[in-house]
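Visitor: I'd like a close look at one part of this model, please: the charged side chains. Could you walk me through how they pair up and where they sit?

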Amino acid sequence: MTSKDIQDFYKEHGICVSCGQEKAARGRIRCANCLAADAERHLQSYYGMTDEQRAAFNAAKLQAEQKRKELRRTAGICTRCGKFKAKQGRTMCGICLAKHARYEQDRRIRAGRRTLEDRNVPGVCFFCGKPAIKGKKVCEDCYSRVFSQMINARAQRKRDQFREMNNLFWKEHKYEHAQNHMH
């Protein structure tokens, strides 16, 4: 029997492939003791590096992660887990999207930022939590800020010549396409 055959046997029977003695941890191929020893070895190796070695290690790891994500993205599978098809228009599967959303919400709470549920309270400003203007979802300060941002955004849209030219191009394209199919 080769060592590969032995490892396959251990995997099939839920035995740790490293020590061959303990039951493998749930969802893993190694036992908890071997996983902990491996993590300890990794930490000692990592923190035993010089700053230059650590920077090179991190750069190589980042590059490998970016390559893996790009391969998964082009294959149309989840860039995070690589197990399931990505949701349409997304790079992650439904499970990973839900986990990521939960993580982001927890991160916002830990950072002291208000959640969306906290923001949708009647009579309280959506942005800062001060008393809102009657009939609005924002306070006076936030209203003036948002109003000026909206005015600037509308002015920008009017100045955007590229958008106008692009819209004109597609109108002409649709018109020509319609004319060609009428005949």
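Guide: Here is a tour of the charged side chains, pair by pair. A quick note before we start: this is a predicted model, so local features need pLDDT of at least 70 and side-chain atom pairs count only at pLDDT 80 or more, while totals for chains, interfaces and linings use all residues. Residues are numbered from 1 along each chain as its sequence is written, and side-chain values use heavy atoms, with hydrogens and water left out.

The structure holds eight salt bridges, a salt bridge being a side-chain nitrogen of Lys or Arg within 4 Å of a carboxyl oxygen of Asp or Glu. Let's take helix 3, residues 51-75; helices here are DSSP runs of H or I with at least four residues, strands are runs of E with at least two, and both are numbered from the N terminus. Arg54 counts as buried at 19% relative accessibility, whereas Asp51 is exposed, at 56%. For those words, buried means under 20% relative accessible area, exposed means over 50%, and partly exposed is in between (1.4 Å probe, protein chains only).

Further along helix 3, Arg68 and Glu65 are also three residues apart, about one helical turn. Their salt bridge has its closest N and O atoms 2.5 Å apart. Arg68 is partly exposed at 37%, and Glu65 is partly exposed at 28%.

Now over to helix 4, residues 94-110. Arg107 and Glu104 sit three residues apart there, about one turn, and their side chains form a salt bridge at 2.5 Å, N to O. Arg107 is partly exposed at 32%, but Glu104 is buried, with 16% relative accessibility.

Finally, the surface patch. Lys69, Arg80, Lys83, Lys99 and Arg102 gather in a patch of positive charge, and Arg102 is found in helix 4. Patch residues have over 30% relative accessible area and no salt bridge; like charges are joined within 9 Å, and nonpolar side chains (Val, Leu, Ile, Met, Phe, Trp, Tyr) within 5 Å. Lys and Arg count as positive and Asp and Glu as negative, with His and the chain ends not counted. Each charge is placed at NZ of Lys, CZ of Arg, CG of Asp or CD of Glu. The areas come from the Shrake-Rupley method with a 1.4 Å probe, and for residues only the protein chains shown count as cover.
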